[in-house]
Amino acid sequence: MEQHVNLSEVRPPPTPYRLERPVYDEAYLHSQLLHPKDRSPKTVRQRLAKQLHCSSERAKAIALSFLPILTWLPSYPVKEYLFGDLVSGLSTGVMQLPQGLAYAMLAAVPPVYGLYSSFYPVLLYTFFGTSRHISIGTFAVISLMIGGVAVREAPDSRFTIQAPNATNGTYGDFIDTEARDARRVEIAVVLTTMVGLIQLVLGLLRFGFVAIYLTEPLVRGFTTAAAIHVFISQFKYLLGIKTDRFSGPLSVLYSLAAVLTNIATTNLTTMFLGVVCVVFLYGVKYLNERFKKKLPVPVPGEIIVVIVCTGISHGLSLSDNYQVDVVGTIPTGLLPPSLPDFSLVPNLVADSVAIAIVGFSMGISLAKIFALKHGYSVDGNQELIAMGLCNFVSSFFQTFAITCSMSRSLVQESTGGRTQIAGLLASFVVLVVVVAIGFVFQPLPQTVLAAIIMVNLLGMFKQFRDIPGLWRTSRIELTIWVVAFVASVLLGLDLGLLVALGFAILTVVYRTQSPKTVILGQVLHTGLYYDVDEYEEAVECKGIKIFHSNSSIYFANSDLYVNALKEKTGVDPLHLQAVQKARKRKLKESAGKERRNQKSSEKMSAIVKLDGDLGVTCEVVSGDDSQNHMDVQQNGLVAEARPESDSEEAQFLEPLGPVHTLILDWTPVNFIDTVGAKAIKLMIKEYAAVDVCTFIAGCSRTLLDELRTLQFFTGVVTPEMIFPTVHDAVLHCQRRPVLPTNSAIQ
């Protein structure tokens, strides 16, 4: 019978790897083998001349990096891309209209400002952005953060006035909503200006890496908490309940308590319309997800709901007959540019930093996902500049801060969008509504916008599924997720983000202070060294302990590193010093006994000599010490004593322990500071005092330069103790004779 062999399971024999060279140490490498290139330091003038050097190529590169649209628009394939961008732009624009109106409610500003924020930033990002698929505009999390600041700086209580009641003529407390909204718009605009300025400056300073400090579990936990805030804040609009808007710590609990306290005042018409919209939108979203491969474009459920409910509200006069709250006045046309009120800046600095970082982090993370999927790259620094320009320039036209929207970006990509031409067309859709037909949406019930917001939060609530996966893969990242979620829910989004960021940094410190430490052993007949507790083939070298710790050495963990070394190797210099002192004490006692016995023998020799002169024969045996004796022979012949010190000195010259050499594997060490260097030097000195030699292996050239700068190679530490690989160090130790040091003999 023929045997079928699976060729995929047949591995070729390993490639031979033969190398014969001397054992190198750092002293030989630095002086003989490696010769640094000539890098003479340049003057400040030379450096400035190099940075400010201008040429046509450099000018072109700067222009292309600042205006990425110039890299792809001249070669835009019209026949291949235009139809997909057209469909995608119309679909995204239709989706952006209701979301702009809805998220303006979260930002505590009139709905029309959501439309402004859906036009100017999208138009600007087309020219300055590097991502081809994300949809820039209003977003729930950022809008809620802006709304929290606006409510904190302009609460309803500040705009309460005494006015007569239209029904009974009595005076009562009323809120001047027009003045309140105008003040909140000013706050949102100034906040947006500062957010844009911060992002722009960070981008020009090449600080695009700041987003890495907002790790993915932190961002997902934070946005899930934001979804809780947004969801609870929309209950009063969904049910038609009049309550105050809260901000700050525990605001989510206060908002929920206020809704439950006033639940009896629910407007049944508002609730019915809102619940119907939620069910319809959820059903449309489910169908779009279920049949996304069969549908040419997603069903625009949101715009359908807006149009139908606007018609119903206008036809039945829901605002007058059923007291249903509606959007209200939407002015036609665009506002002229105006300067923000910069007197508000001092109170908004911390909030603007938080919003700037969160907005950029969410934008760049989504941009990288699409770039990886479609095979192009995005520039983090240019994205910062693009978002900064979008926010800063647009704020002069009365917009609030924006970032990318996950739901709209998915629609823009899934409907065939290839470039930001789709975003440009989406902004034109919003422009048409603002300029021409914005007044049509004035009868739109606010409960419809609340329903749109709630259904769009479903994607964020699905992030709770992260918890089981993180439990299986990384408990530390799960802790970051939970802390970000709980802190943001209870303390508010601004303080919650600060707490989560601080906790994430603490986890990094914790990981450096509790690294994995192992003892390495050699795989026989190879130069490979692995954990002896994990692999059977790894065998420790006799008398040598190879210590490996996967962390750098600095002030926060230097003592922990030394303690882990002593514990893992079982070689404690204090214990060895105690053994050494005991041996010295025993040797001194033996030497004292020898001197006393010698004096006794000299005295007895004198007596024997005297007796010999008198003709007396005698024999003297010391009964006190059985090991030291002397025989006195007849006629005065005396035998010399045999000292016991020979065996004791031999015992003293034996090693203090089975380990005579320690090798520190510094392959994972990226940096070391002055505290760490001093701790290692002190440790090497302590081991040298008890005849245990210490060597270091696997240092990078950068780390060696740091060690030289720190003057590490002085005193007991020399470059001859540094080896390029662990195997070099082991071979050196195996051929080195193990002899006691002078300190042991003295």
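**Entry 1: H14 and H20**

I started with a helix pair in this predicted model. Helix H14 (residues 301-316) packs against helix H20 (residues 446-456) at an angle of about 165°, and their axes are 10 Å apart. That angle makes H14 roughly antiparallel to H20, because angles over 145 degrees count as such. I also looked up the handedness, and H14 passes H20 in a right-handed crossing.

Next I asked myself which residues make the contact. From H14 I noted Glu-302, Val-305, Val-306 and Cys-309. From H20 I wrote down Val-448, Ile-452 and Asn-456. Sorted by class, the residues of this contact come out as five nonpolar, one polar and one charged.

**Entry 2: H9 and H16**

I moved on to another pair. Helix H9 (residues 177-204) and helix H16 (residues 349-374) pack at an angle of about 60°, with 8 Å between their axes. H9 is therefore oblique to H16. The crossing of H9 past H16 is right-handed.

On the H9 side, I found Leu-191, Met-194, Val-195, Ile-198 and Gln-199 in the contact. H16 brings in Val-349, Asp-351, Ser-352, Val-353, Ile-355, Ala-356 and Phe-360. My tally by class for H9 with H16 reads nine nonpolar, two polar and one charged.

**Entry 3: the cores**

I then turned to the nonpolar cores. How many residues does the largest one have? I got 80, and the residues with the most contacts inside it are Met-145 and Ile-146. H9 turned up again here: the largest share of this core, eight residues, comes from that helix.

I followed up on Ile-146. Setting aside neighbours within four places in sequence, I see Ile-146 in contact with Ala-107, Ala-188, Leu-191, Ile-355, Phe-400 and Ala-401. Two of these names were already in my notes: Leu-191 of H9 and Ile-355 of H16 are part of the contact between those helices.

There is also a second, separate core of 48 residues, and I noted Val-562, Val-669, Ala-679 and Leu-703 among its members. As a reminder to myself, nonpolar side chains tend to be buried together in soluble globular proteins.

**Entry 4: the whole protein**

Last, I collected the overall totals. The secondary structure comes to 31 helices and eleven strands. What share of the 746 residues counts as buried? I have 45% in my notes. For contacts with a separation of 6 or more, I find that residues 24 or more positions apart account for 81%.

Methods. Residues are numbered from 1 along each chain as its sequence is written. This is a predicted model: local features need pLDDT of at least 70, side-chain atom pairs count only at pLDDT 80 or more; totals for chains, interfaces and linings use all residues. Side-chain values use heavy atoms; hydrogens and water are left out. Axes are lines fitted to C-alpha atoms, for helices over the stretch in contact, and angles run from 0 to 180 degrees between N-to-C directions. Helices (H or I, at least four residues) and strands (E, at least two) are DSSP runs, numbered from the N terminus. Angles under 35 degrees count as roughly parallel, over 145 as roughly antiparallel, 65 to 115 as roughly perpendicular and the rest as oblique. A crossing is left-handed if the near helix is turned anticlockwise from the far one by less than a right angle, and right-handed if clockwise. Contact means heavy atoms within 4.5 Å. Ala, Val, Leu, Ile, Met, Phe, Trp, Tyr, Cys and Pro count as nonpolar, Asp, Glu, Lys and Arg as charged, and the others, Gly among them, as polar. A nonpolar core is a set of buried Ala, Val, Leu, Ile, Met, Phe, Trp, Tyr and Cys residues joined through side-chain atoms within 4.5 Å. Buried means under 20% relative accessible area, exposed over 50%, partly exposed in between (1.4 Å probe, protein chains only).
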